[in-house]
Amino acid sequence: MARETLEAAPAVNPTYYLVEEDEHHAASGGGTLLGFWIYLMSDALIFATLFATYGVVSGNFAGGPSPREIFELPLVALNTAMLLFSSITFGMGMIDMESGRTRATLGWLAVTALFGFAFISIELYEFASLIAEGATPQRSAFLSGFFTLVGTHGLHVTFGLIWIAVMMVQIGQRGLIPENRRRLICLGMFWHLLDVVWIGVFTFVYLLGVLR
């Protein structure tokens, strides 16, 4: 009787459970990426609003300094290079992530963080120099719009640096598991968005401001 029961029992197929688990990870990963895309679009709308506001108030100097008088293009160009290099190094890290090279991925993330830290340091130096010269946000509508737009971007870069540090800890502890790979993809989209926004800042705020 026991033999007949064993023969009648259906065979367990382990492949079924592996496929079901993969489908679960794919579904959750797709939802995460979709949600993050929605966040990026909302963030892009925030920056679009700040750009539009700056465009309206950028000519209101209230007797204070104009962009040509306070902007140092060589310094801003150096800062732009720092952020562009950070995007390149992050991309190299993503290539190593796809190849499963944990140490190389961590190394590129560290280099990216160094470039990001250099960017923030130069920006803080610029802000401190402007304030020391009396070009404060309260001085004119132009300066209010400038500090708000550039400062908001700088805060995003700061949050990105914190995110990179958290990811380095998680990867160091758990490796390149699917969850960490998905988080790195989201971080990459966020970081590259900041790069694109900064190109707009450099062109619209600094370059056109000096050429007026």
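F51, Y54, F61, F71, F119, F127, F142, F146, F147, W198, F204 and Y206 make up one aromatic cluster. Here, rings of Phe, Tyr and Trp (its six-membered ring) pair if their centres lie within 6.5 Å; planes under 30 degrees apart are stacked, over 60 edge-to-face, and the rest tilted. The model is predicted, so local features need pLDDT of at least 70 and side-chain atom pairs count only at pLDDT 80 or more, while totals for chains, interfaces and linings use all residues. Numbering runs from 1 along each chain as its sequence is written, and side-chain values use heavy atoms, with hydrogens and water left out.

How many aromatic pairs does a search of the whole structure find? The count is 19. Take Y54 and F204. Their rings are edge-to-face, 6.0 Å centre to centre, with 70° between the planes. This pair links distant parts of the chain: Y54 is in helix α2 (residues 14-57) and F204 is in helix α7, 150 residues apart. Helices are DSSP runs of H or I with at least four residues, numbered from the N terminus. Y54 has 2% relative accessibility, so Y54 is buried. F204, at 32%, is partly exposed. The cut-offs are under 20% relative accessible area for buried, over 50% for exposed, and partly exposed in between (1.4 Å probe, protein chains only).

Now take F119 and W198. F119 is buried at 0% relative accessibility. W198 is buried too, at 1%.

Next comes the nonpolar core. The term means a set of buried Ala, Val, Leu, Ile, Met, Phe, Trp, Tyr and Cys residues joined through side-chain atoms within 4.5 Å. In soluble globular proteins, nonpolar side chains tend to be buried together. The largest core in this model has 50 residues. F146, L184, W198, V201 and Y206 have the most contacts inside it. Elements giving two or more residues to this core are α2, α4 (73-98), α5, α6 (141-174) and α7. Which element gives the most? Helix α7 does, with 15 residues.

F146 shows the packing in detail. Leaving out residues up to four places away in sequence, F146 touches Y54, F71, E126, F127, L130, G151, V205 and Y206. Contact means heavy atoms within 4.5 Å.

N180 lies in helix α7 (residues 178-211). Is N180 buried or exposed? N180 is buried, with a relative accessible area of 0%. Its side chain reaches the backbone oxygen of Q170 at 3.5 Å. Beyond its neighbours within four places in sequence, N180 is in contact with M167, Q170, I171, R174 and G175.

The model has 1 salt bridge, defined as a side-chain nitrogen of Lys or Arg within 4 Å of a carboxyl oxygen of Asp or Glu. The partners are D96 and R101, with the closest N and O atoms 2.7 Å apart. D96 is buried at 8% relative accessibility, whereas R101 is partly exposed at 43%.

Finish at G107, in helix α5 (residues 102-132). G107 is partly exposed, at 33% relative accessibility. The C-alpha atoms of G107 and M168 are separated by 9.2 Å, and the two residues are 61 residues apart along the chain.

How values were computed
Polar contact = N/O pair within 3.5 Å; in protein donor to acceptor, adjacent residues only side chain to side chain.
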